[in-house]
Each structure stands twice: as C-alpha cells, then as structure tokens.
Number of protein chains: 2
Amino acid sequence: MSIERVLNARSVAVIGASKIETKRGFQTIRTLIEDKYDGDIFPVNPKEKSILGLKCYRSVSEIKEPVDMALIVTPAQTIPAILEDCGKKGVLGAVILAGGFGELGSEGKELEKKVVTLAKKHSIRLIGPNTSGMLNLKCNLNLVGLRNVPKGDIALLTQSGNMALTLITEATVKSKKGFSYYVGVGNEADINFHEYLEFFREDPATKAILMYVEGMRQGRQFLEQAYQTTIKKPVILLKSGRSSTGKKSAGSHTGALAGMSEVAKGAFERTGIIVIENSDELFPAAETLSSLPPTRKNTVAILADGGGHATIASDLLTDLGIEIPELSEKTQSKLKELLPSAASVPNPVDVAGGTDSNPAVFAECAKIILKDPKIGGLIIVGLFGGYGIRFAESLSVIEEDAAHMMGKMVRNGKKPIILHSLYSSAGTHALDLLRHYGIPVYDSLDITCKCMSVLVKYGNYLKAAHTKTSYIIKTGEKAKSAGIDIIQNCIKSGRNALFEFEAKKLLKLHGAPVSKDRPSTTADEAVKIAEGMNGKVVLKIISQDILHKSDAGGVRVGLGSEKEVRYAFEEIMKNARDYNPAAKIEGILVSPMAAKGVEVIIGTKTDDQFGPVIMYGLGGIMVEILKDVSFRVIPISSHSAKKMVDETKSSPILDGVRGEPPCDKKALIKLLLLCSEVIEAYPEIEEMDLNPVIIHEKGLSIVDARIILKDKPEG
Amino acid sequence: MSIERVLNARSVAVIGASKIETKRGFQTIRTLIEDKYDGDIFPVNPKEKSILGLKCYRSVSEIKEPVDMALIVTPAQTIPAILEDCGKKGVLGAVILAGGFGELGSEGKELEKKVVTLAKKHSIRLIGPNTSGMLNLKCNLNLVGLRNVPKGDIALLTQSGNMALTLITEATVKSKKGFSYYVGVGNEADINFHEYLEFFREDPATKAILMYVEGMRQGRQFLEQAYQTTIKKPVILLKSGRSSTGKKSAGSHTGALAGMSEVAKGAFERTGIIVIENSDELFPAAETLSSLPPTRKNTVAILADGGGHATIASDLLTDLGIEIPELSEKTQSKLKELLPSAASVPNPVDVAGGTDSNPAVFAECAKIILKDPKIGGLIIVGLFGGYGIRFAESLSVIEEDAAHMMGKMVRNGKKPIILHSLYSSAGTHALDLLRHYGIPVYDSLDITCKCMSVLVKYGNYLKAAHTKTSYIIKTGEKAKSAGIDIIQNCIKSGRNALFEFEAKKLLKLHGAPVSKDRPSTTADEAVKIAEGMNGKVVLKIISQDILHKSDAGGVRVGLGSEKEVRYAFEEIMKNARDYNPAAKIEGILVSPMAAKGVEVIIGTKTDDQFGPVIMYGLGGIMVEILKDVSFRVIPISSHSAKKMVDETKSSPILDGVRGEPPCDKKALIKLLLLCSEVIEAYPEIEEMDLNPVIIHEKGLSIVDARIILKDKPEG
C-alpha cells in the first residue's frame, strides 16, 4: 500500500494518551491542538474519560469515525495486542515510538518480526519502531510533540531524533527556511528509506530532501529511488558510523548495520545524492540547494571588503576544486569605474574601502560580476549586513536596499549568490531580507564555500545526467549452464570455494582472457603440459584444504626446463604434505608464466546494505600500504568501470611511468565489467578475488582467481 | 628598543584627528574617551582648535607633555614628514594605518624603506604600515576605533583587520572570553611577528596567543620565539594563502612538490604551535586552550542524550586520532546504577532518556566518568542547556545547578569538559554559567571534537617538550676548507652548479658514503677506471651546459666489459654533442653501479620565509605521482630526521614488503642529518638534490648529487 495516506493521515488515534505534561501522550495531543491539526484527534487510554477537552477512548476499535493513523506511545511488549486492535478497526498506518526491538539483540528482533507480520496481516504500514515520530507540516500532523517547527520546503528524513532536533533548531535560529515533512525512520521495520524518498520525490511542497543515515536495510532499492529523485530535486545526505566506535554507537542506537562507508559514499554520489561529511554543513547545504539554482559552471567570483576573508575563501574554494578565474577585461574595467583606485578587481574583488560609506556598491558590483559569462556564481564575504553596526546606523537602510537588489538579481537570473557575513547572527533586517529572497547567509567562510561547491556539484551532476541512459541496477546478465555446473559441482563436493582452474573456467565462459591452465596429477603429466606451452610455466597446488598456496610452498614460478618442472612438481607435493598432512590434494596446476606488466587487484564482496560490490586497486604496495582502492556497487557500467580506475591516486602508473609503456586500460575496464557481470549472473558467489591481474601493453593476464560461495546459496 | 613602551603607551597623539564621524581620526578619539583610556590623548590637526573637548595641536612637536605613541591616520606620502616631527618630539612608537607601501609594488617599497630608515634614525618603533591598528585592553588604549571589544586573556595578532573583527565578534557573540591585546601587524615594516610574540609571552595578563598569518618576514626568528613561547602558553595559528603559494612552485622538481605551505605547517607544529586549518575553529581553539587544562592522554569519553550525536562525535574523534576506550568496569557499573536499563554505558555513554526529567544526572555521570583513570577528557553532546526549552521550564534550575557542579569539577580537577549543545545560541543561563567556569559550549559537533583534539595535541606536545634539549636553529656546523675550495672554484669558473663529482666530494668531506667516482676524458681512461672498480659501472657526462644528463643521452648504466665501456663512452660523447653542440664537455664520470634497494630522494631549497628547508620522499612513483613527501626547516635534529622518514605514507616500504629485506633506515636518517649540516655550513648553496639515493639492506648509495649555488653567495 502507498504510504501517502499514512504520511497525510486525516485522523489520528493517540494510543497511550496521557494527562501528565512531561509524557509524550500528552505533549502530542497538546501540539496537535495548538498547531490546529487539519483532522480528527482520538486520545486512547482506558483509564481516562477525556484529555485536553477531547473524548478519550478505551481502545481504538471503540472509535466510530475512520482512523487513518495510530500514534502508539506505549511500551514494546504492548504493541502486538494494540496492532491487532488497530487491524480490527482498519487503521492504515501506525507510528511506533517504543524502543526495545531489533536494536536490542535477538529477543527484540523476534518481537520486531512478530510486529511486522501482524502489520502485514492487517495491511497496516509502520513507521518505526524506535523512532521520534513524524511530522507533516502541510496539515499540521505533528506526532513529534515539538513546538514551533518552521514550515517550508525541505523534507527531513533521519535516523536520530536528536539530529532532527538539531536541524530544526538550526533552521529556526539561522535561516528563514523550514520543513514540509519530518520522518524519523527508526528501525525501518516496515517502511524503508526508499519508500519515503519516493513519496517526497512526488510531493509538490518538497523542494529538497535532507537525510541523516546511520545504516539502511534496503540499500539497492534506495539507490534506485535516489537515482530517480535527484534528477527532480536535490537529496542531501550525511552518513555517520564510519569509525568502529561510531558503528558500535549506531548499532546500539538504530539496530542498523553501519556498512562500509567507502562503498556507501561512492554509491550515493553515483546516484546524484549530495553526500555531506561534516554535520555542520548538512542544513546549510539543504538550505542552499532548496533556494538557489545549481550552477553548471565550475567558476566562482569572490567579492570582499577585506583581504583576509578573500584569501581564506580562495584557499577553501581551491581545495574544493572550484576555479576563481580572472574576470573579463570588460567586467574589470566596469568595476574599476565603481571602486577606489586601491581596489583589486581581477578576482577576488576587494573593494578596498569602496563600500565603507555606501554598502549599495556591493549590489552594483554583484550585478557587474554576475553578468560576466566566465562566472558561475558569486560569494560575497565580509561585513555586509553589519555596516549599520560597524560604521554608521544610517547605512542600514542602504544595506536593505542593496539586499533587495541582490535578491531580485538572484530571483530573476540563473546564477547563485551566497553571503558570508560576520554579522550573520546579529539579526539585521538586510540579512533577513537576503534570506527571504533565498540568498543564504553564514558566519562561516568554510560553510559559505562548501555551499557554493554543492551547487556546483549538483549542477554538474544534472548536466551529465541527461546523457545517461538509466541507472543500472540490473543488466540482466545471465548465468551460463556450464557455469552453473561448475558451481553446483563445487557445492556437491562439499567445498565452498572453487578451485583456481574452476574459477578461471567460469570467468572464461563470460569472455575473460584466461591462460590455458591445465591441472596435472603426475610430474610426467606436468612436463607434458608445460612442453605444450610456449615459454616458462608456473606450478600451483590444487587443494581445497590449502587456501594460501604461497604460504604452503605450493607455488613455483619461472620454470623453463623439463628438469625444473619435474623438480618443482615433487617439491610442491612434498611442501603441501608437510604443510597439512590431512590435505586432500587434487593435483598441480600448470600455467604459462605471465609476461611483465603492472599488477592490479580486482575483488568483489557482498555488503549487508548494498549487496554485491566490486573493488579495484593497483596491486602490491599500493593496496597493501597506501590503501589506494576504489569501490562500486555491482553492476557497474563501463563509464563507472573507467572511473574506478581513474579515481585511484596511483592510476597514472597505468599510463606508463619512468620509461615503461602504457598499459592496456581498455582490457582492464573490460575485465572489471566482466567481473560485475559474473557476480550478477551467479548470486551463489559471496566473494571473488583476482589477485594479481597483470596488465600488459596489450591485454592482461589473470594470474590467480579465487571464488568463494555463500554458505546458503540463493537462487 | 623593547616594544613594551609602545604597546603599553601612556600617552597617544592622534595625527590626522578629525571632527567627521565616519573618519578614523574621529572614531579613535571618541573610543579612547569612551573607553576611559588610562593616559593622555593629544589630537593633532593644524585646522582644528579642539576635537571632542580635547585641545587640538598643529603638530606633534607642539605638544609639551611626553608622547609615547603616535597614531598616524594620514595618507602614505605624508608619513616621512610626520615621522621627522615625531622624532624631534621623542615619540617612542607609531602606528601607521595608511596603505600604499610595500604591498603596492616597487614605488611603495621605496617609500616603506624610507619610512623605516627614518624610524630607525629617531628610534621610533613602527606598527604597520597598512594595518587596522592596535588595542591594549588593559589600559584601554584602543587605536582601532572598535567599540565594545570584550576584555580577557587572549592576545590577538593578525594580518587582516577583517579577521580581527571576525574573531572579536565571535568572542562577543559566542563566548564569555575576551582579549588582552590586539595588534594588526600590517606590513611588518619594523616590528615583526616574533617581537610581538616575545612580548605576549611575558605578559602576565595573556593566557593564549591567537594568530592569523598570511606570510611572515622573519620566519626563522619567529620559530625560535614560538618554541620558547609554547612551553609557557599556547599559540594558536591559522596560515592562509595556501592555494596561490602552493600551486606556483609545484611545477619544478623535488623541493616544490607539495608547495611551501607544507613547510610552514610543519615548521610551526614542530615548535608546539597549534596550527588550525579551518577559520571556524580558530577562536574556539583559543577559547578552549586559554580556559581548560591540556590533556596528556589521548583518550576521551562521550556523554550523550541521543544516539545520533554520539555516533557523529565518535566518527569525528576517531578521524582526529583520538581513542574512545571502553570505560572501566567500575565506572560502567556506577553509571548503570544511575541510568535506566536501556542506557549504553561502555563509551559513548548514552543516557537513553535518563536525563529527560533530571538533567543533573549529566553532572553526576560526568563526575563518575572523569574519575576513570583511562579517560583524559569528556565531551558532552546533545541538548544540555536546553532542557528548560525542550522539556519543561522547571528543568532550567536543575540545569544551572548541574552547570555549577561541572564547572567546579573542571576548576578543581585536571581534566577538561567541552560541551556540545544545540541550544548553544539560545542564551540560557546554564550555558552561560558553564562558559564562566571555562567550559566552552559549541553548537557544532565538529568544533567540539576539534577543540578536544587541540587539548590533546597541546598536552602531548608539553609532555614531550621537557625531554627536548633546545630548539635547533643553529647546530654550529662549520664549513671545511676543502669544501669552501670546491665552491669557490665553481664560482670562479663562472658556474652556478657544482659538477656531480664535486657535489659528491663535498658531501664526502662531511662523512657521506659516496662511491669512488672518477672523471675520465678519454675512453682508455674510462676503461682503466672501470677496471679498478669491482663489478659493473655507470658512465655519465660532465658538462656545465647539460643539466639533465639522461635527457641528453648522457648516461649509460650496467656496463660490464671493456667493450661496453668503450662503446658507451663514444656514444655519450656523440649524444652530448648532438644535444648541444655548444656545450663545454669536461669529460665522463665513471661510477660503480649501485646495488639493488629502495630509491629515495632528498632535496633542499631556500624558502623566502623560513630559509633553507629539506625534503624527503620515496623515489619514483611515490614522489612523482603520489606526492608523498615530508619537509622540515634546516637544521634538523636526528629526532626530526626520523620523523621525516616515518611520516611519509610509503615508509612501510623501507621496512621490507613482499619478501624484500628491510632497508638501512639508520643510514638514511644519518644522511638526512648530514644534508642538513652541509646546507647549514655552506650558506652559498641555494638548493641540493640527491636523486636517487638507493637504500640497501646495509648502507646506501648516492647515485646522483646536484648542488646549485645562490646567484649572489652570502658569507
């Protein structure tokens, strides 16, 4: 069932209603009345006759009028019985505030399961449990008990009540913005992040979606919805729980697993979500993106009334990858006419006192600068909004006039202005005016610059978005019957890992250029195989009981002569038996020795939140010591395979350094894609490792391949 | 002359005094009167009789009373005549506000030089020019014209008037802190950063020194003063101007790889300065360090009334390298007694509603946590200070009581508490109380955690500081006469670069293990030298006109037989002539071929602000592609040589990876020290490059050495 009728409920029963002022069962009813909720309120409490002048019911089923939504404020163990009652009544949705479910270990998980089953049975959609509630500011359905939440166009979706309170407080104190909805998703027992996202995407009152996430249950569905949402409106997201302590803290808090943060970040950004790293920037980014046009240019001008702020802003924007180009000659000469001779006009523009007695000059400069086709947006840094405080009270009126001018510029034009003012919190009318026009004002240079950068990031995403066909969440790659045989054969023989030659065979079925490896069981056989290969060979032990072949002395490389092969064969056999006398040895694999080239590693694993993911990195030192790797959610497109390679810091090595020829990047990208396809085709695979793969000037060699199956294979 | 009498002037002449309200010559006098300046004020303006009730003088020399200080607000070109007049009068110091000096090109530089000469002649110490002024809040000597600057114990030293205004505004709006002094250093024409620093170090009213720096003239003296200061009181510094400085130098080879801002940061940190990267953190760091005891432990506890804030704080602290250890069993069981069963007590401590009706529980928890010997400091995150707003007004009183308790804990104990509150700007009495006790309160989780990290950083610096003998600014390494000969010989022959064999000889004089290279002029000679070396050799062209030997085909390696040497000799000669027919060729250097090992690069160059600096990095890909290098100001100690090696990300490679033996790190550290000594001993050297140096399992090989001299050698 759609969640529309739940989030826009026209009547609500408060189960656990109370007369005690500090109780949620009281506060909610009071707020619903105060806020003039646009629907019916039914307090439910068998012990009370009436609460705050409203008739109090003994149970939900006693209510005669239709009940869209139940807010349940009673403890965890009471929920099943209440849901049964709600079911009888035909309630459409319920918000369960109580904790004590999935976040509290196995007993809680059982209870949560029971509650979800009951809800499904009665077609009741659940928000929570373990949530701070929800808030629909369009019809004043305030189930959070918070007073004076500002109305506006930002939808807020969080996994922490305190973070919601933080963001709402910030909106109230520092902006003129507000919210359309707030939902505390809690444990996501029924309604998941992606369903809320879908709803907000279609909600005409919502211009931007602001999210605080610790972990999510249905990562892949979320990505798919996010991809469809960000084309229509910006989604701003902070994912916490990166650190081990953070993860633990998040785990005890929401019950969700705070997944691999690199994977999450990469996956979110790929769908056009604006990922925020610092919670200070979360609300400002949403304020900016819901107020100003995104800019498709990567160029910004700085207008300053002092050198220090301009210097710091230049540093910050440069760090963010934004250019501060010299303004055109025409722009510069126009600015010169307006400003004193000491002014610096190339960019940053420093007015050098040119605004001290007339802050309206800011607006005039802004107008000139924004007309410059080189410039995508403008940041004004310094004292604007405080000239009346700093210099002379009479200047306040001029500032207000300038604010009107700038506001209209932004409203009518397509280029954003963001203001830094050290009088940001002074509450001057000029700054309030700017905010009303949608020009955000911050007292932090850092946040000012970061906000400009999110406009650039979002603008550039939108610019590229139309060229994309669709977000790939399934390419439809099919398993080959021979491949299924390999896997089934492995399972039947009681192994959970494919032998190297099996793994390579599977890869070959999908087009991977694997070497002509052949297993041998005697030294004679090994010699014969080796003779059939042109050049030197490698011998490797085949045993399900020896996973780390090198450690067991089970690998010999660079074998040229018959004698070498024979000797190596016997040696490996002996080493393997010494290493693990009980090991079941299948034989020894003979492979041609790979040519020289650059070593890379490709790996896949299965993430709890996002399912299969793929990792790439340059082999050896780069991965082991510098952790220089990139991740993507599978399946990947050829575009993202290319980006995976390019975004590692060590990628220039593939282009050939110190006299080495460039490597065959195309073959590498093809192999990444192929790995993604194989993983998609065989859901039985838990993880796969190609390590190393050697990339040559032309082609590549998969030196070793390892595939591990899931304990209980799907499909 | 000491600047004490200038910064603590007991009388001040305002030259350029005015009756116009918007003029600085008016505002300053008004503020001096309003603020009740503890000395005499003498307006100087030939056109006025009196200003604001004070007698106005035609010139300084007309004043009969002694004049300690002159504030000069007139334009640049008037300054020389005014200084002459001040000199006659015996004025001790002057603040020159006007711009139009060194910052404006050669003409301005000339004028600045003239002004400095005049000042020296008359023993007048200058603040500025091109400054916003200075402020002594102890005697209300307010020469900035700013009103209502809060008094306190932070000395402020900046190169930007707007940044000063920003910091002063922040102090006023967001803290209960204030300032002892403010100085805008301007162009540092006379008094430099380090002299102010020295003064503030000795000032009993100053507890912390807060600096905004764009660039400094006397970097080395500053470092020396900083080293002596940070043991007594914290110095907090933001250095801006990274972007332009960094990028320009990045083009050339070794020394410039990461730009000079790396040098500045490293140099500052080495002297115990707390270097801040984000201007939002600048004032909070000073507030914290001037209020709370630094902590010598790297362990912090988090106390939260909500999971979201705790999770974010955990992530932030972990990113900052701070541990969040599990509290002792004793601590945990005491907390359990106090808190509801749903509370999480390991660390972060989540009260799980346990404070909702009694915020005093925060103080009780804090007391228990701070007693845990594992814990160095406490961060409280969430709603404290706003319980009266969020829950019930009656809780305000309880919060105030809790604030008193926590304040006393910090005052009497040795462990810091920092508070995050989303009601930070709500102005509640509880939060004001905390601030009065010296517990900072921030609405930003990021800043809260950063502030705790500066206490950790400073505490750890102090802990290590007593083991240091002294800050090395000169080790007294002397030049050898043979070394001086090599350099003089080079200069005499009109070269500015030593030949490779000369450079190696110079290094050898100071103990470097260089190979027995010998120059040859004929193939026969080369063969003969090669025969005397055990093993393969390398031939390299010797020519002052060929700097990049490899590019010119001037290098041949791995030569074993006589035939190979002979052929290589002829080939190199031919290549060199083809490359540059006009090149003066001195011969060909014969060197033994270096054994295998790990390549590193050592470089030195001369920085405008800090003089000679040294760079180290792993050779090849690590430097060229990953820019993985470290910098130090010369001379370095063996301790910092070791740190230079260890702090590169690739340093584990030296310990032996993938079956390679570990490298001789001791030899490498010795060589770094030796390079530092050589540069110190020969001030004629502009830059030196040892590239590559190959580090073996035992010992190392300096494969190539390049030394370039200064255009006009000193000494």
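Modeller: Let's start with a pair of helices: α13(B) and α15(B) cross in a left-handed way. A crossing is left-handed if the near helix is turned anticlockwise from the far one by less than a right angle, and right-handed if clockwise. What you have on screen is a predicted model, where local features need pLDDT of at least 70 and side-chain atom pairs count only at pLDDT 80 or more, while totals for chains, interfaces and linings use all residues. Residues are numbered from 1 along each chain as its sequence is written, and chains are lettered from A, with ligands numbered from 1, in the order in which they are written.

Colleague: Thanks! At what angle do α13 and α15 of chain B pack, and how far apart are their axes?

Modeller: Axes are lines fitted to C-alpha atoms, for helices over the stretch in contact, and angles run from 0 to 180 degrees between N-to-C directions. The helices themselves (H or I, at least four residues), like strands (E, at least two), are DSSP runs numbered from the N terminus. Here α13 (residues 360–371) and α15 (residues 395–412) of chain B pack at about 20°, and their axes are 7 Å apart. Angles under 35 degrees count as roughly parallel, over 145 as roughly antiparallel, 65 to 115 as roughly perpendicular and the rest as oblique. α13(B) and α15(B) are therefore roughly parallel to each other.

Colleague: Which residues of α13(B) and α15(B) meet?

Modeller: Two residues are in contact if their C-beta atoms, placed from the backbone, lie within 7 Å. On the α13(B) side these are A360(B), F362(B), A363(B), A366(B), K367(B) and L370(B), and they meet I398(B), D401(B), A402(B), M405(B), M406(B) and M409(B) of α15(B). By class, the residues of this contact are 10 nonpolar, no polar and 2 charged. In that scheme Ala, Val, Leu, Ile, Met, Phe, Trp, Tyr, Cys and Pro are nonpolar, Asp, Glu, Lys and Arg charged, and the others, Gly among them, polar.

Colleague: Now chain A: are α12(A) and α13(A) roughly parallel or roughly antiparallel?

Modeller: In chain A, α12 (residues 329–338) and α13 (residues 360–371) pack at about 165°, with axes 9 Å apart. α12(A) and α13(A) are therefore roughly antiparallel to each other, and their crossing is right-handed. T331(A), K334(A), L335(A) and L338(A) of α12(A) face V361(A), E364(A), C365(A), I368(A) and I369(A) of α13(A) across this contact. The residues there split into 6 nonpolar, 1 polar and 2 charged.

Colleague: And at what angle do the axes of α20 and α21 of chain A cross?

Modeller: The axes of α20 (residues 523–532) and α21 (residues 562–579) of chain A cross at roughly 140° and come within 9 Å. These two helices, α20(A) and α21(A), are therefore oblique to each other, and the crossing is right-handed. A523(A), A526(A), V527(A) and A530(A) in α20(A) meet E562(A), V565(A), R566(A), F569(A) and E570(A) in α21(A). That contact has 6 nonpolar, no polar and 3 charged residues.

Colleague: How many residues of each chain are in contact?

Modeller: 54 residues of chain B contact 57 of chain A. α11(B) gives the largest share of the chain B side, 9 residues. That side has 19 nonpolar, 26 polar and 9 charged residues. Since 93% of the interface residues of chain B are also interface residues in chain A, the copies meet through the same surface.
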